[in-house]
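Visitor: Please put the model on screen. I would like to go through its packing by question and answer.

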Amino acid sequence: MIRITNLKDYYTPLSVNGNIVKIAFDYEPLFDTDEDGNKTESNVGTWSEHVFKKKPSLSQIKDFILSEINKRTDELILSGFTWKNRQVWLSTENQFNYKAAYDLAVQTNGANLPQVFKFGSTENPEYYKFNTLEELQDFYTKATSYVNQCLAVGWAKKDAIDWDLYKIN
């Protein structure tokens with residue numbers, strides 16, 4: 001959803017304590033980035049905002065909204081996955097390392113096991129030792145499924161946008 005707060009692109013002088021203050025009226029598209037499009041638990045909407053200093057083109061609005069969806073999708077992939085009640089950071093590097101360990105375990109029938117991964121946070125790290133190929137496979141397939149699910153949600157949000165609502169005359 002986008003909201004245009006004011007369609008004036010000039011300054012209005014106001015007098016405050018004898019001084020002239022100029023207030024800019026800018027275009028401020030707001031896009032709901034909450035996962036389900038509803039209010040958050042605190043009853044405060046989650047919004048991303050960008051102030052355009054002049055009337056934005058549809059292309060500029062699209063770039064802003066699509067980049068916000070991409071950013072939110074990346075955040076969900078990075079920090080939203082848990083496995084066996086452990087938070088797993090799925091950075092690109094970690095995803096590559098998990099895939100490499102899994103592929104090697106499959107190719108060698110588990111000869112590279114046990115394999116230890118660090119989960120949790122920097123302040124509260126948890127080290128988990130994978131002793132069997134089945135356990136590593138369970139972890140890797142669930143992590144991959146989670147990433148694919150996040151991407152599908154992001155794509156669906158992009159596909160559902162009615163760009164006609166964002167055209168400014």
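Visitor: Which residues is Leu90 in contact with, leaving aside its neighbours within four places in sequence?
Guide: This is a predicted model, where local features need pLDDT of at least 70, side-chain atom pairs count only at pLDDT 80 or more, and totals for chains, interfaces and linings use all residues. Residues are numbered from 1 along each chain as its sequence is written, and side-chain values use heavy atoms, without hydrogens and water. Contact means heavy atoms within 4.5 Å. For Leu90 the partners are Ile77, Leu78, Phe81, Gln95, Tyr98, Ala143, Tyr146 and Val147.

Visitor: How many residues does the largest nonpolar core have?
Guide: A nonpolar core joins buried Ala, Val, Leu, Ile, Met, Phe, Trp, Tyr and Cys residues through side-chain atoms within 4.5 Å. Buried means under 20% relative accessible area with a 1.4 Å probe, protein chains only. Leu90, Phe119 and Phe139 have the most contacts inside the largest core, and its residue count is 22.

Visitor: Which helix gives the most to this core?
Guide: Helices are DSSP runs of H or I, at least four residues, and strands are E runs of at least two, numbered from the N terminus. Strand 5, helix 2, strand 7, strand 8 and helix 3 each supply at least two residues. With eight residues, the top contributor is helix 3.

Visitor: Why is helix 1 roughly antiparallel to helix 3?
Guide: Axes are lines fitted to C-alpha atoms over the stretch in contact, with angles from 0 to 180 degrees between N-to-C directions. Angles over 145 degrees count as roughly antiparallel. The axes of helix 1 and helix 3 come within 9 Å. Helix 1 is roughly antiparallel to helix 3 because of their crossing angle, roughly 160°.

Terms used
Buried < 20%, exposed > 50% of the residue type's maximum accessible area, 1.4 Å probe, protein only. Parallel < 35°, antiparallel > 145°, perpendicular 65-115°, else oblique.
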